[in-house]
Amino acid sequence: MASHHKNLSDFSHIEVASAAPYRFGIVVSQWNAEVTGALLDGAYEALIKHGASEENIQVVQVPGSYELTGGADILLRDRQLDAVICLGCVIQGETRHFDFICSAVAHGITQVALKHNKPAIFGVLTTDNLQQALDRAGGKHGNKGEEAAITAIQMAALSGSHQP
C-alpha cells in the first residue's frame with residue numbers, strides 16, 4: 001500500500017489559493033459519525049485556515065453516503081455556492097452493498113458537478129474496516145476532509161466564479 005506510512009494530507013509542496021472570495025457547502029453523512037465528524041472538522045478547519053469566512057460555509061447533514069448526491073444537488077440548486085464538499089464513509093461489509101453504494105455515490109457526485117457546472121468534491125472514504133477509516137479521518141494518514149477542502153478551494157479558483 002502506497003500510503004502505508006504517509007500522511008496524505010501534506011500540502012506543503014503546493015500553493016493553495018485563498019478561500020476568501022468563495023462560498024462553500026459541506027454535505028456530511030450522519031452514518032459512521034465518528035469518522036464523518038472528524039472529516040467535517042478537517043474540512044471546516046482547512047477552509048478557515050485558507051481564508052474562508054464562517055458565514056461563507058454552509059454545512060448540512062444527510063442520513064448516509066448515498067444521500068450525499070441529493071444533498072449536494074439541493075445546495076447547488078438553491079444556494080449561491082462556488083463549490084460543495086461531500087463527506088462520507090462507507091466500510092466494506094459482508095455483502096455487495098458496499099460496491100453498489102460506492103459506485104452510486106461516485107457517479108452521483110460527478111453528475112451533480114456536471115449538472116451545475118460547479119465543483120462537487122468526493123470526500124468519501126471507502127475502506128475495508130473502521131481502523132482504515134479512522135487513519136484517514138485525522139489519523140496517521142491525515143484527514144481526507146482537509147484534502148477535500150483544499151481540492152474545493154483549488155477548483156473554485158480554477159472555475160473563476162470570483163476573481164480573487
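Among contacts in the protein between residues at least 6 apart in sequence, what percentage joins residues at least 24 apart? In this predicted model, the share of such contacts that link residues separated by at least 24 positions is 79%.

The protein comprises five helices and six strands. Their order along the sequence is β-α-β-α-β-α-β-α-β-β-α. Of the 164 residues, 46% are classed as buried. The accessible surface of the protein amounts to about 8,500 Å², and carbon and sulfur atoms account for 52% of this area.

Helix H1 spans residues 33–49 and helix H5 spans residues 144–159. The axes of H1 and H5 come within 6 Å and cross at roughly 40 degrees. Because angles under 35 degrees count as roughly parallel and those from 65 to 115 degrees as roughly perpendicular, H1 is oblique to H5. The crossing of the two helices is right-handed.

On the H1 side, the contact is formed by Leu39, Gly42, Ala43, Ala46 and Leu47. The H5 side contributes Lys144, Gly145, Glu146, Ala149, Ile150 and Ile153. By residue class, the contact of H1 with H5 consists of seven nonpolar, two polar and two charged residues.

How values were computed
Residues are numbered from 1 along each chain as its sequence is written. This is a predicted model: local features need pLDDT of at least 70, side-chain atom pairs count only at pLDDT 80 or more; totals for chains, interfaces and linings use all residues. Side-chain values use heavy atoms; hydrogens and water are left out. Axes are lines fitted to C-alpha atoms, for helices over the stretch in contact, and angles run from 0 to 180 degrees between N-to-C directions. Helices (H or I, at least four residues) and strands (E, at least two) are DSSP runs, numbered from the N terminus. Angles under 35 degrees count as roughly parallel, over 145 as roughly antiparallel, 65 to 115 as roughly perpendicular and the rest as oblique. A crossing is left-handed if the near helix is turned anticlockwise from the far one by less than a right angle, and right-handed if clockwise. Contact means heavy atoms within 4.5 Å. Ala, Val, Leu, Ile, Met, Phe, Trp, Tyr, Cys and Pro count as nonpolar, Asp, Glu, Lys and Arg as charged, and the others, Gly among them, as polar. Buried means under 20% relative accessible area, exposed over 50%, partly exposed in between (1.4 Å probe, protein chains only). Accessible areas come from the Shrake-Rupley method with a 1.4 Å probe; for residues, only the protein chains shown count as cover.
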